[in-house]
Every structure is written in C-alpha cells, then in structure tokens.
Amino acid sequence: MQLSFALYGAANRMARLHKPFLEPLGLTFPQYLVVLELFSSAPCAVGELGATLGMDTGTITPLLKRLEVSGMVTRRRDPGDERRVLINLTEAAAAMRDDIWGITEKIKTACNFTNRELAQLRDTLDAFARPATD
C-alpha cells in the first residue's frame with residue numbers, strides 16, 4: 001500500500017470522526033483546529049497562526065473571516081505594527097472551551113489506541129509533517 005493512500009485515508013477518517021461533535025458547535029474541522037490553537041496562543045498574528053497550522057494565507061484568511069462572522073474570533077490590526085492582524089477568541093468561544101476540549105477525549109476513545117500509541121503516532125506524524133531539513 002502506498003504511504004500516500006494511508007495518510008489520505010487517515011486524514012479523511014479523522015475529519016469524519018470529528019464531524020458529529022463539531023456540527024452542534026457550528027464548527028468545521030479546519031475551524032476547530034484554528035480555535036484549538038488559539039486556546040493556547042491567542043492573541044496571535046495571522047501569519048504565525050497559519051505557520052503553526054501549516055495553512056497558507058489563502059486558506060487561513062477565509063477561515064478566520066467565517067469565524068469572525070460567527071462570533072468566535074476578533075481580527076484587529078496590531079497597534080505596534082499595522083501590517084499585522086491579531087486574532088483573538090471572543091467570550092463566546094471561551095464559553096465553548098470545555099465542549100471543544102471534550103472532543104479530544106471522544107476522538108481518543110473512537111481511535112481505540114492507548115495514550116502511548118496515540119503519542120507515538122502524533123510524534124511520528126509531526127516529524128513527517130515538519131522535517132528538520134525544510
């Protein structure tokens with residue numbers, strides 16, 4: 001089996017596993033990833049957020065605009081550097097923190113891996129996605 005097929009199938013399964021938990025919250029899988037990252041790094045510049053998530057500006061900007069329209073994030077110019085746009089979570093997003101973090105446990109259960117196996121898989125995928133010799 002090709003590595004490409006396995007990775008594609010795994011990525012699709014992961015998105016499908018999340019869907020029933022995200023729909024009631026009004027989030028798509030990519031929006032969920034953005035919100036999770038913002039829980040640990042907000043406020044954050046658009047460029048930094050995109051780099052962390054491996055999303056280019058053309059991908060992340062529309063996601064952020066939709067999150068802003070839905071009341072989950074704010075976008076403001078950085079007063080110290082007008083070229084940068086800072087993204088922050090709203091109170092509405094903060095109120096959903098427990099529900100959003102709870103999805104992680106549900107996905108861990110659905111994957112049927114031990115914590116050690118999940119950590120090994122995550123570390124392997126991280127190493128593959130972000131090789132040291134970029």
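**Close-up views of a predicted chain**

**View 1. One side of helix α6 is turned inwards.** In α6, the buried residues are Ile100, Ile103, Ile107 and Cys111. Looking down the axis of α6, these buried residues fall within an arc of 60 degrees, so they line one face of the helix. (The arc is that of the directions from the helix axis to the C-beta atoms.) On the other side of α6 you will find Asp98 and Thr109, which are exposed. Here buried means under 20% relative accessible area, exposed means over 50%, and partly exposed is in between, using a 1.4 Å probe and protein chains only. The cover over the buried residues of α6 includes α1 (3-22), α2 and α7 (115-129).

A word on the model before going on: it is predicted, local features need pLDDT of at least 70, side-chain atom pairs count only at pLDDT 80 or more, and totals for chains, interfaces and linings use all residues. Residues are numbered from 1 along each chain as its sequence is written, and side-chain values use heavy atoms, with hydrogens and water left out.

**View 2. The chain as a whole has seven helices and three strands.** Helices (H or I, at least four residues) and strands (E, at least two) are DSSP runs, numbered from the N terminus. The C-alpha atoms fill a box of roughly 50 × 40 × 25 Å, taken along the principal axes. Of the 134 residues in the chain, 26% are buried. Among contacts between residues at least 6 apart in sequence, 54% join residues at least 24 apart; a contact means heavy atoms within 4.5 Å.

**View 3. Helix α1 also has a buried face.** How far apart are the end C-alpha atoms of α1? They are 28 Å apart, which agrees with the 28 Å that its 20 residues should span at 1.5 Å a residue. (The expected span of a helix is 1.5 Å times one less than its number of residues.) Leu17, His18 and Leu22 are the buried residues of α1. Seen down the axis of α1, they fall within an arc of 135 degrees, so they line one face of the helix. Phe5, Tyr8 and Arg16 are exposed on the other side of α1. What covers its buried residues includes α2 and α6.

**View 4. Helix α2 runs from residue 29 to residue 41.** Its 13 residues reach 19 Å from first C-alpha to last, close to the 18 Å expected. Buried in α2 are Gln31, Tyr32, Val34, Val35, Leu36, Leu38 and Phe39. In the loop between α2 and β1 (44-45) sits Pro43. The peptide bond that leads from Ala42 to Pro43 is cis, with omega near -5 degrees. For comparison, most residues other than glycine have a negative phi, and most peptide bonds are trans.

**View 5. Asn112 follows helix α6.** Helix α6 (residues 97-111) has 15 residues that should span 21 Å, and its end C-alpha atoms are 22 Å apart, which agrees. Asn112 lies in the loop between α6 and α7. Its phi is positive, near 60 degrees, in a residue other than glycine. Is Asn112 buried or exposed? Asn112 is exposed, with a relative accessible area of 67%.

**View 6. The largest pocket has a volume of about 1,700 Å³.** On a 1 Å grid over the protein atoms alone, a pocket is an open set of points where a 1.4 Å probe fits, with protein on both sides within 12 Å along at least five of seven lines; lining residues have an atom within 4 Å of a point. Grid points are joined across faces, edges and corners, and the volume is the space filled by probe spheres set on the points. This pocket is lined by 31 residues, of which Met14, Leu33, Arg122, Leu125 and Asp126 lie nearest its centre. The elements giving two or more residues to the lining are α1, α2, α3 (46-53), α6 and α7. α7 gives the most, with nine residues. By kind, the lining holds 19 nonpolar, six polar and six charged residues. (Ala, Val, Leu, Ile, Met, Phe, Trp, Tyr, Cys and Pro count as nonpolar, Asp, Glu, Lys and Arg as charged, and the others, Gly among them, as polar.)

**View 7. Asp78 and Val85 sit in strands.** Asp78 belongs to strand β2 (residues 73-78) and is buried, with a relative accessible area of 13%. Leaving aside neighbours within four places in sequence, Asp78 is in contact with Arg84 and Leu86. Val85 belongs to strand β3 (residues 81-89). Not counting residues up to four places away in sequence, Val85 touches Cys44, Ala45, Val46, Arg75, Arg76 and Arg77.
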